[in-house]
Amino acid sequence: MQLVIVESPAKAKTIEKYLGGDYRVLASYGHVRDLPPKDGSVNPDEGFAMEWETYADKAKQLKAITDEAKKADRLILATDPDREGEAISWHVQEVLAKKKALPKAVERVTFNAITKPAILAAMKAPRELDTDLIDAYRARRALDYLVGFTLSPVLWRKLPGAKSAGRVQSVALRLIVEREREIEGFTPQEYWSVLAEMEADGTRFTARLARFEGEKLDRLSIGDEGTAMRAKAAVEAGRFTVTAVETKPATRNPPPPFTTSTLQQEAARKLGFSASHTMRVAQNLYEDGAITYMRTDGVQMDGSAIQAARAAIAHRYDAGYVPDKPRQYQTKAKNAQEAHEAIRPTDFGRDRVGTGDHARLYDLIWKRALASQMASARMERTAIEMEDGTGRHMLRATGQVVLFPGYLALYEEGRDDEGDEDSRRLPLLRTGDAPARHGVNAEQHFTQPPPRFSEASLVKRLEELGIGRPSTYASIIQVLKDREYVRVEKNRFFAEESGRLLTAFLERFFEKYVSYDFTAGLEEELDDVSGGRAEWQSVLADFWRDFRPRTDEVMEQKPSDITAELDKFLEPYLFPKQADGSDPRLCPNCGNGRLALRGGRFGAFVACSNYPECKYTRRFAQPGGEAGEDTGPETLGNDPETGLPVERKSGRFGPYIQLGEGKEAKRASIPKDIGELDLEMALKLLSLPRTIGAHPESGEPITASIGRYGPYLAHAGKYARLASTAEVFETGMNAAVVKLAEAAAGGGRPARGAAQAPLKVLGTHPTSGGEVKLMEGRYGPYVTDGTTNATLPKTADKDALTLEEATALIDARAAAAPAKKGGKKKAPAKKAAPKVAAPKKATAKKPVAKKA
């Protein structure tokens, strides 16, 4: 018997069908080991020796692999054809060797597509594990561990509110923060354009004023309304005739097939997919045998695939759409990784695969790969110049005509920022013609700051700089979101306060390690390791030699000194020069205090030097105090019973009200659905819980209050939800009894399997086809597609949850489930008990490792 190891169960099932009865194919479900989240997992003093730990939730699967390996004559490691795949195979081999279950014959095979010919061909060409790729994996994993476990404790002690920093994620964050600074520091410049609406032979077109009073104009030449009105009048008064017609042929060549990064960019532009969702859907398509491997830097296609593409083009179009010679592409990406094929369909005869997002992504991949072998588009670009009688004013019109669409008949590449004036059609004009003028417009414009990064443009920029690898971009971006260093609005990244402060800290104290050149250079060194040109321990030693002393040096500084340095470093941003020349650090509240950056328990803020007499503060990320100011507690009035002041304050979790001072003070959060907060409402909130009365059957009191998850009723240990804060004070006995009775029908909470109204219906799951709902459970909100339930992470905002995010949670939970079950026949009997215990094991270890 021959044992084959792959990553996923879907892949295992397909390959076992192709290989026949002598083969047993098992899945490892991804990585089986990792560095444990504790000090000492990487020991620089012992040649960067690593201590690996088996994932707790992989124990059953590893046991199954071990049992089969003991019976096998040959072990075939058939994981993905990249560094991570090589590393998984190495880990499996190491685990089996330690358990003395390693068969005598161990071989490694790789294939770029899960099709029968590709699998059978790979089995005939086995090799040994690539030690260079494994060394590159170990070096990268050790680097990330050393940065995380050395730098993060510095952040926790010296920068309140910071969660973690990573070798590549911090550089990606810096890109986003620097773009934010560019936008905030941008000064718009006014300019005007003068456009004439012309017509010839029944075709209207627009001409732009290109010369005025003998001077050639560029985009910013007309900078005020007065000049614009003079120019408009000159165009209206003149009679313009054609003085020059220039026609040039142009050719547009098709883009190459997708790499990982270009697929992520185009899916973001055209389909609105996040990088992580794109890779998840592409993984499914690969495992189904529909496309080739989706983690690649290569743009070349196999010769047989090129011939298949050309045949498909000839079948779909006429012979003119097939170029004379097959197109060959070369990668332009900096630090291109292993030379795999581009992402392409395994069968160009299939123009449709799957449904939903899977069908949409496959369609994109199929069209891009097919178009890459099609003929170029031929165009004709025309520029027309028209002068008035004086020759001092000239209008210019440009346009183009597509003579032969070529690959554009099938596919056109998307752009991050659209805008093309040359695509307009022009009438046929000759020298001496005088087109009719229908009107002249003078339009005011202002220069625009650079746009914020989208996922597509961020991935593109990271690739241009040679930072990270395409296979890691999705996880890098997800970490920035999970840490709440950035937020996404309308598909654009906005830097949050914590992200800006972390970037400032790293730029000031670890400038070298967040520089683009250093990070790209480190990637080159890791590529040298994978290519056998460098030794992995030497690369780590060179990095550690300078990094460790620097972290020790920063750790020795006092937090107050760190804050003072950041205050100086951020002065141009926090305290920009005022237009009237006044002191930007002067406190606007007391008039004589000085503003400075301060560090608090929950992060940084700007405060007055006259504290506690002056309690003026503002959030860190509010340059110049434009918004977010807090002049201290607001007194709403005095409690008529105690005479104590009732104050409105701001805390870590938002605004709240307080009665009294010290330990005896009463506090209550201010619900979001309250409009104007006055003394009367404040006293009502402070008086909660409100007793409605005694239950007519039990005699126990019914109370109404506001808890962590909103307003609710309580009676004898049973609860019922209320819809709003107003209901807490308005619900009477009859309504309360009815609500409690309805809730009691489910045992005071939604019973497992019982009908329950969803909080929100998000849409249809792209794979299972089930309706994805947001539900309220005993342990908090969760999402379900009717088959798999997934609890929302604590960092997730259930009100802002999207279908994409819910689907990702469901897929992740479903992927983890098989490792926790016995077999298919035993699963129903064990379903109730292990389902509670198993997640505890997973959450006790794995998230800690990822966090570091």
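## Strand pairing and the sheet

In this predicted model, the bridge partner of L713 is A720, which belongs to strand 29. Strand 29 runs antiparallel to strand 28, residues 710-715, and four bridges join the two.

These two strands are part of an open sheet of four strands, arranged in the order 26-27-28-29 with antiparallel pairing. Strand 26 (690-694) and strand 29 (718-721) stand at the edges with a single partner strand each, so one side of each has no neighbour in the sheet. From one strand to the next, the twist averages 25°.

## A helix against the sheet

Helix 21, which spans residues 733-744, packs on the sheet and touches strand 26, strand 27 (701-707), strand 28 and strand 29. The direction of helix 21 makes about 105° with that of strand 29.

## Cysteines without disulfides

The structure holds zero disulfides, and two cysteines illustrate how this comes about in the model. The closest cysteine sulfur to that of C608 belongs to C590 and is 3.7 Å away, which is too far for a bond, given that a disulfide requires the sulfur atoms to be within 2.5 Å. C608 itself is buried, at a relative accessible area of 2%.

For C614, the closest cysteine sulfur is in C587, and the distance of 3.7 Å is again too far for a bond. C614 also counts as buried, with 4% relative accessibility.

## D363 in helix 11

Elsewhere in the chain, D363 lies in helix 11, which covers residues 356-371, and counts as partly exposed because its relative accessibility is 27%. D363 and V353 are ten residues apart in sequence, while their C-alpha atoms are 7.8 Å apart in space.

Definitions and conventions
Residues are numbered from 1 along each chain as its sequence is written. This is a predicted model: local features need pLDDT of at least 70, side-chain atom pairs count only at pLDDT 80 or more; totals for chains, interfaces and linings use all residues. Side-chain values use heavy atoms; hydrogens and water are left out. Two strands pair if DSSP finds at least two bridges between them. Axes are lines fitted to C-alpha atoms, for helices over the stretch in contact, and angles run from 0 to 180 degrees between N-to-C directions. Contact means heavy atoms within 4.5 Å. Buried means under 20% relative accessible area, exposed over 50%, partly exposed in between (1.4 Å probe, protein chains only).
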